[in-house]
Structures are given as structure tokens and as C-alpha cells.
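Here are my notes on the model you sent over.

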Amino acid sequence: MTDTDTPLQPKKKGLTRRQKRTLSRGVQYAVFAAAVIAFAATADWGRLQNQFAQADIAKQMFPDVITLALKNTVLYTLSGFVVGLVLGMVIALMRLSSVGPYRWLAGVYIEIFRGLPALLIFIFVGVAVPLAFPGTEIPGGTYGKVALALGLVSAAYMAETIRAGIQAVPKGQMEAARSLGFSPAKAMISIIIPQAFRIILPPLTNELVLLFKDSSLVLFLGVTLEERELSKFGRDLASTTANSTPILVAGLCYLLVTIPLSFVVRRMENKAQEAIR
């Protein structure tokens, strides 16, 4: 060994990638736990209970909160979903049409109704339509207005979802159907669209969850006591009792529907991914 030679230094061993991930996860858990403890220690639970958790007020809401408010919310949501699905299918097919004006009209509709807030659509249906067509009544009264408003909002999103699903079906399916003597329209209805719906079922279910929450905008149409949905029902009782417990109960009723639906969406997405693998 010469004077210029230096002994080999042992390599410093740092944390492995797995150890770094474990350490990072531990830090995140610690920060989360500290935040929860700080919130629990500083919150005034007595005032929160007095304002949001009065059992006697909550009891006053039953059974009407289920038999009236939740029932109306479900009816509004389902009717809007059906209208949106039918209209969205038509717009999606127009978007894929070889006729230029159809594609242009569908594109304009999608851009407008995806860009406008749902609140403005409800006001448009409740105010602008009667002004534009005097003496004309939307069939179904409030239920018909809500179905139309929610349908107009959701159709723009559903149309793009359906279009993407149709385009995701392999082109060979259409070619095979045509070789068997199917017309383009019959092949689309019998072969392509059923396969597309299997692909887009999770996002459509997710759209149903969003519509369920958007149904709270029905209050801007002016509803009777028998037509109130969850949000309107909770707000009215909160004003009467000068307490926010009804709003909390209404929120829990929303979760009774949205959480199971969200779980169904995740299960369908997982199954779709497993099928692809």
C-alpha cells in the first residue's frame, strides 16, 4: 500500500425504501392523531350538543323525515336520473353521428349545461319556462319540474359518459354484427349499447349519488309542505325550533343513501378492473 492509497471506507447504510414508507406513514398517523386530539380538547362539546344533538327535537322529525322528506328526495332523484339517462343517450348518439349539425348541437348542449350551475337550471325551469310559454304547465307539477331540471343537468354529463362507453367497445363488435346482417341501428341497440352500459355502470351510479344531493335545490321551485325534500324539511324545522338538530338529522338521512351507493360504485369499479386483468 502506498502513501496515496487510502483504506476502503465502509458504505453508510441509509433507510431502505420500505423503511422510508413505514416512517412516512407513521408520521402521517401521528399528525392525524394529534389533530384529532387537539380538536377534541378544544371543541366546546356542550354547545355543540345543545345546538345539534337534541334528542327531543330529533324525535319530532319521525316518521315524517322518512315517509315524506326522504321519500320525496328519492322520487326526485330517480325521476331526474331517468330523464337524464334518456336525454343523455340521445345526445351521445348525436355526438357520434356522421351528420354535422347533430354533432354541433350535441356539443353546444354539453358545453352549456356542464358549465352552468345546477341552481341556474332550476331557476330557468321554474321561472323562465312559464314566462316563455304562458299557460303551459310542465306535466307532473313540482315532480315534473324537478325531473326536468335534474335531467337537463345530468344529461350533459351522462352523454359524455355514454359516448365514452360506446367508443370503448371494440370496433370489431360492430363489424361482426354487420357481417351477420344487422343494420347499423340494430347493431348499435342490440350489440354495442349493452356492452357500453356494462363499462359505464360505475360512473352512472356515481352520477345518481350526485343527483341525490342536487335534489336539495328543489326548494328554489317553491314546494308545498307535502312536496318538501330532506334539506327543505330540515331547514323548516330548524327555523321553527331555533335549533340545528333537524339539519343534522337530514344530513344523516342523506348518508343513509349515499354511503351504500358509494360502496356499490367501488365494488363495481373493482370488479371491472378485475375483469380487465
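**Notes on helix H5 and its surroundings**

1. Start with H5, whose buried residues are Ala106, Gly107, Tyr109, Ile110 and Phe113. Buried here means under 20% relative accessible area, exposed over 50%, and partly exposed in between, with a 1.4 Å probe and protein chains only. Looking down the axis of H5, these buried residues fall within an arc of 165 degrees, so they line one face of the helix; the arc is that of the directions from the helix axis to the C-beta atoms. Pro101, Trp104 and Gly115 are exposed on the other side of H5.

2. A word on provenance: this is a predicted model, where local features need pLDDT of at least 70, side-chain atom pairs count only at pLDDT 80 or more, and totals for chains, interfaces and linings use all residues. Residues are numbered from 1 along each chain as its sequence is written, and side-chain values use heavy atoms, leaving out hydrogens and water.

3. H5 covers residues 100–115, and its 16 residues reach 23 Å from first C-alpha to last, close to the 22 Å expected (1.5 Å times one less than the number of residues). Helices (H or I, at least four residues) and strands (E, at least two) are DSSP runs, numbered from the N terminus.

4. What sits over the buried side of H5? The cover for its buried residues includes H4 (64–95), H6 (118–132) and H7 (141–168).

5. Zooming out, the protein has 11 helices and zero strands. Its radius of gyration is 27 Å, whereas a compact globule of 277 residues would be near 19 Å (taken over C-alpha atoms; the globule rule is 2.2 Å times the number of residues to the power 0.38). The C-alpha atoms fill a box of roughly 105 × 70 × 30 Å along the principal axes, and 33% of the 277 residues count as buried.

Key
Contact = heavy atoms within 4.5 Å.
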